[in-house]
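Trainee: I have a new model open and I'd like to learn how to read it. Could you walk me through it, feature by feature?

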Amino acid sequence: MIPKLNVLQKIMEAGVVAVVRAETSEQAVKIADACLKGGVAAIEITFTVPGAVEVIKGLAATYKQGEIIIGAGTVLDPETARAAILAGAQYIVSPSFNPETVKLCNRYQVPIMAGCMTIKEVVEAMEAGTDIIKLFPGEALGAAFVKALKGPLPQAPVMPTGGVSLDNVQDWIKAGCVAVGVGGNLTAGAKKGDYESITEIGRQFIDKVRQARGK
């Protein structure tokens, strides 16, 4: 297993986490492959994907260590988190803050991103040991919320998910986000079998993050 700090560093360096939702496990794998070709190495397989555990296992076995940063998303409880970790997930993402899930991830030294919407939730999540605050749903709050949050909590590592697009990704990064989670705005082509578009859009997201960081 890659050390926790290395995983976090890789995610933050990449700046983009692909949130994979799919109708079948086969489609999820194809989306992950297309994202990787576009340079998006951080892949979050959500537990809304049929056979999510097997998808995670398969990707972990297919790609060499370091080629992919594979995580599990839509993790609602510690039982699901443990199943994902045993399958090969290198980080856990939850739509909400669940203290027991955070505790389990810290027990096994696996990065945890917990969903928050309020300052109170952010503080409580950080106190419990959450590694990255998943601002969710991002479209309901906007990049201006991150700027406001960073006033009293400059130390908060924030990653928005929901509503992140090529048009606004630079706003999120410039507001102080360590990374962004991108779902449908990256993976929509899968519904039509157009996986090449996912690869191309992935490249554009990576480029825009680099530009926003001045690289």
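Predicted model: local features only at pLDDT ≥ 70, side-chain atom pairs only at ≥ 80, totals over all residues.

Trainee: Where does Thr199 lie?

Mentor: Thr199 is in helix α11, which covers residues 195–212.

Trainee: And is Thr199 buried or exposed?

Mentor: Buried means under 20% relative accessible area. Thr199 has 9%, so it counts as buried.

Trainee: Good. Next, the sheet. What is the strand order?

Mentor: Start with the general idea: strands of a sheet pair through backbone hydrogen bonds, either parallel or antiparallel. Here you have an open sheet of eight strands with parallel pairing, in the order β7-β6-β5-β4-β3-β2-β1-β8. The edges are β7 (158–160) and β8 (180–182); each has a single partner strand, so one side of each is left without a neighbour in the sheet. From one strand to the next, the twist averages 25 degrees.

Trainee: How many bridges join β1 to β2?

Mentor: Four bridges join strand β1 (residues 16–20) to β2, and the two run parallel. If you want a pair to click on, Ala18 has Ile43 as its bridge partner in β2. Between β3 (residues 69–73) and β4 (residues 91–94), also running parallel, there are two bridges. There, Gly71 is partnered by Tyr91 of β4.

Trainee: Which residues of β2 are on which side?

Mentor: In a regular strand the side chains alternate between the two faces of the sheet. In β2, Ala42, Glu44 and Thr46 are on one side, with Ile43 and Ile45 on the other, and both faces are covered. Five of the five residues in this strand (42–46) are buried.

Trainee: Now pockets. What is the volume of the largest pocket, and which residues lie nearest its centre?

Mentor: The largest pocket has a volume of about 280 Å³. Its lining counts 21 residues, and Val19, Arg21, Gly183, Gly184 and Thr187 lie nearest the centre. The elements giving two or more residues to that lining are α2 (25–37), β8 and α10 (184–187). Helix α10 supplies the largest share, three residues. By class, the lining of the largest pocket has eight nonpolar, nine polar and four charged residues.

Trainee: And the second largest pocket: how much space lies in it?

Mentor: About 200 Å³. Of the 13 residues lining the second largest pocket, Ile2, Ala60, Gln65, Gly88 and Gln90 are the closest to its centre. The lining of this second pocket splits into eight nonpolar, four polar and one charged.

Trainee: Last topic: backbone geometry. Which peptide bond is cis?

Mentor: Most residues other than glycine have a negative phi, and most peptide bonds are trans. In this model, the bond from Phe136 to Pro137 is cis, with omega near -5 degrees. Pro137 sits in the loop between β6 (132–135) and α7 (138–141).

Trainee: What about phi of Thr74 and Gln109?

Mentor: Thr74 has a positive phi of about 55 degrees, although it is not a glycine. You'll find Thr74 in the loop between β3 and α4 (78–87). Gln109 also has a positive phi, near 55 degrees, and belongs to the loop between α5 (99–107) and β5 (112–116). At 47% relative accessibility, Gln109 counts as partly exposed.

Conventions: Residues numbered from 1 in each chain as written. Heavy atoms only, no water. Pairing = 2+ DSSP bridges. Axes fitted to C-alpha atoms, helices over the stretch in contact; angles between N-to-C directions. 1 Å grid on protein atoms, 1.4 Å probe; cavity = no way out; pocket = protein on both sides within 12 Å on 5 of 7 lines; lining within 4 Å. Points joined across faces, edges and corners; volume = space filled by probe spheres on them. Nonpolar A, V, L, I, M, F, W, Y, C, P; charged D, E, K, R; others polar. Buried < 20%, exposed > 50% of the residue type's maximum accessible area, 1.4 Å probe, protein only.
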